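Hi,

Here is the structure I promised to pass on.

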Amino acid sequence: LSLPGEARRIHAATSSAGLFVSYLILNAGYAPTALHVDLSKTDDIERSLMINAQSASLLASLYGADMQNHVATTTRTNQVSSSTNSGPTTPRILFVSSVTGSAPGLVGAANYGATKAYLSSLARALTIEMEPMGIEVTLLHPGATRTNFAKAGGMEDASCWDLPLMSMDPDDVADRGVKAMFRGAKEYIPGILNMNYVRVFGPIFPTRFALKFAAFFWAPLPDTLKIFSSKREESSDVCTETKKKESSENKLGGSQDIPSIVFSTLQNRLLSIEHV
C-alpha cells in the first residue's frame, strides 16, 4: 500500500475473483520518527502519506461503492432489511486511526500525526455519509500498542513504552476494536488513559501545551525533559543525569504505537465473532 496503484490493484483482484468484502478493516500504518526536515532525505513522507492516508481513503471509496451497490441490490430483492446496523449482513468499515490524530500535532513525527488527523476526519464524515447507504463506519483510536510498529518507525525509545499503563496488548486492542465495529459504534477509544487523553485532557489543554504533552510520550525520556524546558541549556544537567539513570535500568521492550493491530490478529478476531 506504499506504492501508487496498489490499492486499486487489490480491489481489482478481489473483484475479479468474485469476492464481496463485507467487512473492511483499514489498519495499515507507518510512523517515521524524525525531524520533518530530515524526512525528505528518504521516501518516508511519500510512504507515510500513501499508506496512512491515500490508500486508506481510496480503499474506503472503492469497497464502499461495492457495499452501497450490494445493499441496494439485496434491498430491492427483499433479501435483507434496508435499515442500518441490521446485524451480520450489514457491511462495515473499521478505520484504525490513533490517539495522535486527536492532538493538534505530533512533535517528532509531524507527518504521521497529520495523516492520522486526516484519517480521523475522513472516518467521522463517513459515519454520516455512508449511514443512509446501509454501511456502518467505526473509527478506532488506539494508543501505544505492543507490536513491531515502533521498530519500523524508529521510535522504540519513546517514553510511552517506559511509563506504566501506557501501552496495550495488540490482542486486547484488536478484540475491543472488532467488537466495537460489530456493535455499530461510531468511535471507540480502547484504554482508560487513551480515553482521558482524547476526551478530557486534550480538549482543555492550550494548543502549545497539548503539543508538548503529546511530544512527551513520543520522545525518549531525556529529550522529553528538555521539551518542557524553555531553555535547553538550563536542563542539560538534568537530562544527563536522567540518561545515566536510564542506562542502568531495564527497559520494557519495544512495541508499537497507534494503528499497529496486525492483520492476522484482526482476522482471528473476526473469525471468532458469530455469523462471520
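Below is what turned up, starting with the overall picture and moving on to the cores and salt bridges.

Keep in mind that this is a predicted model. The chain has 11 helices and four strands, and 45% of its 276 residues are buried. Its exposed surface comes to about 13800 Å², with carbon and sulfur atoms supplying 56% of that.

Now the inside. The largest nonpolar core has 19 residues, and L24, L26, I93, F95, L126 and V137 touch the most other members. β1, α3, β2, α4 and β3 each supply at least two residues of this core, with α3 giving the most, at five.

On to the charges: I count eight salt bridges. D172 and R176 pair up at 3.1 Å, N to O; they sit four residues apart in helix α6, so about one helical turn separates them. R199 and E187 form another, at 3.3 Å. Because R199 is in helix α7 and E187 in strand β4, this pair ties together parts that are 12 residues apart in sequence. Shared partners also join R124, E187 and R199 into one salt-bridge network. Finally, D38 bridges to K41 at 3.2 Å; D38 is partly exposed at 29% relative accessible area, whereas K41 is exposed at 67%.

Cheers

Notes
Residues numbered from 1 in each chain as written. Predicted model: local features only at pLDDT ≥ 70, side-chain atom pairs only at ≥ 80, totals over all residues. Heavy atoms only, no water. Core = buried A, V, L, I, M, F, W, Y, C linked by side-chain atoms within 4.5 Å. Buried < 20%, exposed > 50% of the residue type's maximum accessible area, 1.4 Å probe, protein only. Areas by Shrake-Rupley, 256 points an atom, 1.4 Å probe, with all protein chains shown as cover. Salt bridge = Lys/Arg side-chain N within 4 Å of Asp/Glu carboxyl O.
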